[in-house]
Amino acid sequence: MESNKGDRRIQKVEREMREVLATFALTRMAGKVPALISIPQVQVSRDLRSARVFVQVLDKPEMISNVLEYLDRNAFEMGREINSRLRMRFCPKLKFFADRGFESARKVESILAEIRTQPEC
């Protein structure tokens, strides 16, 4: 029973952190990040000391490494925002990763569009 409660707590923290980080990226990093980004998922460790933040680059997928570098350099400031908004005992150490889900979906969609345009035999 206790592990269920802990899992719900972690899920809530992940959801709240994702919202804070997405809002932070839209408001405080607008124009500074070299591409339009989305934060679809955050995974927090069970002890809430570290978090994996998954980032999608929507308009310039080739800029993902530059975006991840920029976010890594600004992780402390983002962590401060999380701590001030969520009032956590420990602020998780943020680590940023590329989320390739959007890119994969775009490739599948282009393949399907190509198949649809081919004449049937």
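Let's start with Val108. Val108 is partly exposed, at 47% relative accessible area; that term covers values between buried, under 20%, and exposed, over 50%, with a 1.4 Å probe and protein chains only. This is a predicted model, where local features need pLDDT of at least 70, side-chain atom pairs need 80 or more, and totals for chains, interfaces and linings use all residues. Numbering runs from 1 along each chain as its sequence is written, and side-chain values use heavy atoms, without hydrogens and water.

Where does Val108 sit? In helix H4, residues 101-117. Helices here are DSSP runs of H or I, at least four residues, and strands are E runs of at least two, numbered from the N terminus.

Now the pockets. A pocket is an open set of points on a 1 Å grid over the protein atoms alone, where a 1.4 Å probe fits, with protein on both sides within 12 Å along at least five of seven lines; lining residues have an atom within 4 Å of a point.

The largest pocket has a volume of about 230 Å³. Its lining includes Arg9, Glu16, Leu48 and Phe90. Helix H1, residues 2-27, gives the largest share, four residues. Which classes line this largest pocket? Five residues are nonpolar, none polar and five charged.

The second largest pocket holds about 170 Å³. Among its lining residues are Ala22, Met29, Gly31 and Ile39. H1 and strand E1 (37-44) each give two or more residues to that lining. By class, this second lining has ten nonpolar, two polar and no charged residues.

Terms used:
Grid points are joined across faces, edges and corners, and a volume is the space filled by probe spheres set on the points. Ala, Val, Leu, Ile, Met, Phe, Trp, Tyr, Cys and Pro count as nonpolar, Asp, Glu, Lys and Arg as charged, and the others, Gly among them, as polar.
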